Amino acid sequence: MSRAVSIIIPVAPAHAPLLAGMHRICFTEHWDEAAMAAVLAMPGSFGLLADGNPPQGFILCRIAVDEAEVLTLLVLPPFRRRGIAAALLGAALAAARAAGVSAMYLEVAANNAAGLALYSALGFQQVGRRPRYYGGSTDALVLKADL
Ligand SMILES: CC(C)(COP(=O)(O)OP(=O)(O)OC[C@H]1O[C@@H](n2cnc3c(N)ncnc32)[C@H](O)[C@@H]1OP(=O)(O)O)[C@@H](O)C(=O)NCCC(=O)NCCS
């Protein structure tokens, strides 16, 4: 499979319908267009879109003072294992670092092998666990990357 990555562009408020449609494909508990618009309007939020033809994935983050959080990250199934998520996350880490952020956090389901492998490869380490966080049965792991 090609490692070629689509162009990465900043997410804009007008992307809310597109992002909601992509989120619906990748998550059971998906964010609809209104929820996506609300996330994009939060102070400190920023996003990056892998803008292939069609768009292939995106990451949304939020910066609060000197810490950042990954709110969501996805790559559509046909485009996985090409390095797109790693490119999006790497670009988000660089943007956060440039903004003076000292650490980035995220939550990931303990049984999400793909997510855990990705985050470990990008330097995230487990700093906490939230029992039965997802749907009452699956734990969430709290991961942190020092910038
Ligand atoms: C997790 C997800 C974003 C990965 O996207 P991706 O573009 O396929 O990931 P990449 O190609 O950048 O993978 C980078 C590295 O992560 C790891 N990785 C990614 N997917 C993996 C998988 N299915 N199994 C094992 N390792 C995986 C590998 O180390 C990979 O490097 P390699 O391909 O050289 O082995 C994607 O599978 C997805 O959207 N899943 C559904 C939504 C989700 O779980 N989001 C994260 C929730 S917090």
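**Exercise 1. Identify the residues in contact with Val 75, leaving aside its neighbours within four places in sequence.**

Solution. Val 75 is in contact with Gln 56, Gly 57, Arg 80, Ile 84 and Ala 85, once neighbours within four places in sequence are left aside. Contact requires that the C-beta atoms of two residues, placed from the backbone, lie within 7 Å. The model is a predicted one, in which local features need pLDDT of at least 70, side-chain atom pairs count only at pLDDT 80 or more, and totals for chains, interfaces and linings use all residues. Residues are numbered from 1 along each chain as its sequence is written.

Next, locate the residue: Val 75 belongs to strand S4. Helices (H or I, at least four residues) and strands (E, at least two) are DSSP runs numbered from the N terminus. The classes are buried for 20 or more other C-beta atoms within 10 Å of the residue's own, exposed for 12 or fewer, and partly exposed in between, with C-beta atoms placed from the backbone. Finally, Phe 58 stands 17 residues from Val 75 in sequence, and their C-alpha atoms are 6.7 Å apart.

**Exercise 2. State the strand order of the open sheet and name its edge strands.**

Solution. The open sheet has seven strands in the order S1-S2-S3-S4-S5-S7-S6, and its pairing is mixed. Pairing of two strands means that DSSP finds at least two bridges between them. The edges are S1 (7–10) and S6 (125–134), each of which pairs on one side only. From one strand to the next, the twist averages 25°; axes are lines fitted to C-alpha atoms, for helices over the stretch in contact, and angles run from 0 to 180 degrees between N-to-C directions.

**Exercise 3. Describe the placement and the buried residues of helix H3.**

Solution. H3 (residues 84–98) lies across S1, S2, S3, S4, S5 and S7, and runs at about 20° to S3. Its 15 residues reach 21 Å from the first C-alpha to the last, close to the expected 21 Å, which is 1.5 Å times one less than the number of residues. The buried residues of H3 include Ile 84, Ala 85, Leu 88, Leu 89, Ala 92, Leu 93 and Ala 96. An α-helix has 3.6 residues a turn, so residues three or four places apart point the same way. After H3 comes Gly 100, with a positive phi near 90°.

**Exercise 4. Determine which helix gives the most to the shell around the ligand, and how the shell divides.**

Solution. The ligand is surrounded by 19 residues, the closest being Arg 80, Ala 85, Ala 86, Ala 114 and Ala 117; a residue is near a molecule if its C-beta atom, placed from the backbone, lies within 6 Å of it. S4, H3 and H4 (113–121) each supply at least two residues of this shell. H4 gives the most, with six.

By residue class, the shell has 13 nonpolar, three polar and three charged members. Ala, Val, Leu, Ile, Met, Phe, Trp, Tyr, Cys and Pro count as nonpolar, Asp, Glu, Lys and Arg as charged, and the others, Gly among them, as polar.
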